[in-house]
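Trainee: Please guide me through the structure shown below.

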Amino acid sequence: MKKKIAALIGVCTVLILGSQLAWADIQTSEAATGLIGSWISILPPLVAIAIALIFKQVLFALFLGIWMGAFLIGNISFSGIFSSFFGSLSDYIVPGVSDPDRMSIVVFSILIGGMVGIITDNGGTRGVIKAITKFVRTKVQGMVVTSLMGFIVFFDDYANTMVVGNTMRPLTDKLRISRAKLAYLVDATAAPIATVALVSTWIGAMVGFIATAEAEMANFNEAAYSVFIHSLPYNFYAFFTILFVILIAFSGRDYGTMLKARITLYKAKHDPKIDKYNLYKEKIEEDEEKKSESHWTNAAIPILTLVIGTIAGLFVTGEGNSVQAIVETANSYNALLWGSIASVVVAIVMTLSQKLLDVEKTLEGMMNGMHVMFDGVLILVLAWALSDVTVALGTADYLISVFGETLNPYWMPALVFVLSALTAFATGSSWGTMGILMPLVVPLAWQIGNSTGIPYEVTLEVIYASVSAVLAGSVWGDHCSPISDTTILSSIATQCDHVEHVNTQLPYAMTVGVISIVAMISALVLNIPIWIIYPTGVIIIIGIIYKFGKIPDPKEYTPEGKVAAITSLD
């Protein structure tokens with residue numbers, strides 16, 4: 001407690017000093033916007049991240065970051081402290097959530113929760129678990145299946161996270177797989193798969209960003225989708241992350257904070273006080289006895305309705321003569337809404353028609369499922385508001401200015417990868433990072449290539465690598481940031497403590513991120529062929545997992561303190 005109080009005092013000191021420096025900057029500038037795009041612009045997201053990690057209070061941390069940002073943007077004075085407090089709500093939180101696209105995600109999340117609540121109470125989820133359990137009987141099998149399920153819902157990371165997380169949670173609970181591990185398996189597969197799929201909502205947005213950038217590039221006529229296809233080999237982070245997830249699941253090993261979470265789960269079996277997810281309490285067995293069991297199709301059909309309905313929505317709202325053209329022009333938010341509401345309707349109809357539940361119990365299950373989403377949705381809303389604050393403060397512009405002068409043709413992709421990651425980490429928005437950086441990075445790569453006189457083919461490779469650097473870096477920063485929307489949604493879907501999810505995922509994300517940086521440097525600076533880089537990366541990942549990863553024996557954490565050798569899967 002003393003350390004936390006000291007940390008809070010330190011943060012408050014930073015706030016005061018930052019405000020004083022900001023006021024000094026404004027006093028010496030001609031306009032009141034002198035701090036916009038300066039180093040001060042990174043204080044709100046940094047303070048929010050620090051508070052969230054130190055005090056494990058995400059809502060408080062996010063609001064404090066918004067409040068500080070509103071204070072810096074507005075009237076920096078004693079009275080401004082109070083006006084910015086109220087302005088945080090009226091100027092950023094409410095306007096932010098009133099955005100139709102963001103509200104679509106809120107409604108989508110709530111509807112998904114309602115659907116999951118219905119199929120849980122009507123016994124469909126238990127039916128799925130029973131069907132899968134015939135083939136999944138160990139922790140390793142459960143983790144592998146969870147990671148592979150991410151490939152099924154490939155078209156959107158939000159849908160991927162919500163469907164896989166909610167569907168697999170009861171099974172992984174039964175197998176005593178930690179919620180932290182489940183959250184990682186869900187989060188780490190969602191965005192990477194969506195970024196390399198040839199057809200997805202991510203790719204539609206990505207191609208749009210590339211097309212916007214190409215409008216500023218004279219004498220460059222390659223189609224935006226073609227640029228994306230050529231950039232895929234350089235998306236090291238996405239491919240290495242997918243591989244890492246599958247290998248870490250198949251090996252049954254963990255290291256770092258994830259290993260500590262696993263050990264805590266074993267200790268929780270004998271200590272109810274630390275069993276915060278009730279994974280070892282009698283409640284699980286009691287619930288299993290109380291809940292009815294129905295055929296697995298009562299869960300599978302509503303979920304398939306969500307997937308098929310969303311895909312159909314993309315085709316209905318999109319235009320063009322090809323699948324990619326349709327996805328590029330589609331309204332993905334409407335598609336997600338239509339798919340989610342259709343899944344709820346199908347779940348209700350199937351439940352009532354088979355008389356699995358009466359109307360009151362069906363609606364009660366739906367409302368309970370929606371209620372589970374409330375805390376996470378509130379975090380999501382505040383994260384969006386903080387993202388808007390960083391835009392108003394010019395946080396991304398400052399980060400670009402820091403790295404801008406150091407860019408050169410061969411080192412540019414690696415630096416862009418790091419810059420994108422830092423921006424996504426600080427803002428909590430991968431799409432926002434792509435939207436900001438892509439129109440700047442791609443024309444810059446084209447301009448540098450032309451001005452330095454490097455061969456045209458090399459300039460193209462730099463452009464392709466830079467495109468993937470923006471995309472991959474955005475996902476990497478997104479995975480590491482506690483204020484990221486997809487990271488938050490993963491915590492919601494798996495019902496894992498959000499701070500625990502961030503802390504346990506960070507070492508794995510950093511491992512793959514560092515390997516990806518080295519791979520990017522190897523490809524562009526050292527000119528090592530791609531076909532050598534990928535096998536080498538695979539060998540390094542396997543080596544890290546088996547060198548540092550361990551399989552703890554549950555017997556070591558019994559009250560008697562029995563010691564057992566770590567020799568087999570638990």
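Mentor: A pocket is an open set of points on a 1 Å grid over the protein atoms alone, where a 1.4 Å probe fits, with protein on both sides within 12 Å along at least five of seven lines; lining residues have an atom within 4 Å of a point. This is a predicted model: local features need pLDDT of at least 70 and side-chain atom pairs pLDDT 80 or more, while totals for chains, interfaces and linings use all residues. Residues are numbered from 1 along each chain as its sequence is written, and side-chain values use heavy atoms, leaving out hydrogens and water.

Trainee: What is the volume of the second largest pocket?

Mentor: Volume is the space filled by probe spheres set on the grid points, which are joined across faces, edges and corners. For the second largest pocket, this gives about 550 Å³.

Trainee: Which residues are closest to the centre of the second largest pocket?

Mentor: Helices (DSSP runs of H or I, at least four residues) supply part of the lining; H5 (100-121), H17 (332-353) and H22 (430-452) are among those giving at least two residues each. Of the 27 lining residues, the closest to the centre are Arg102, Tyr333, Ser429, Trp431 and Gly432.

Trainee: Is Ile112 buried or exposed?

Mentor: Ile112 lies in helix H5, and its C-alpha atom is 8.0 Å from that of Ser343, 231 residues apart along the chain. Buried means under 20% relative accessible area, exposed over 50%, partly exposed in between (1.4 Å probe, protein chains only). Because its relative accessible area is 0%, Ile112 is buried.

Trainee: What is the relative accessibility of Phe86?

Mentor: Phe86 belongs to helix H4 (residues 78-97). Phe86 counts as exposed because its relative accessibility is 58%.
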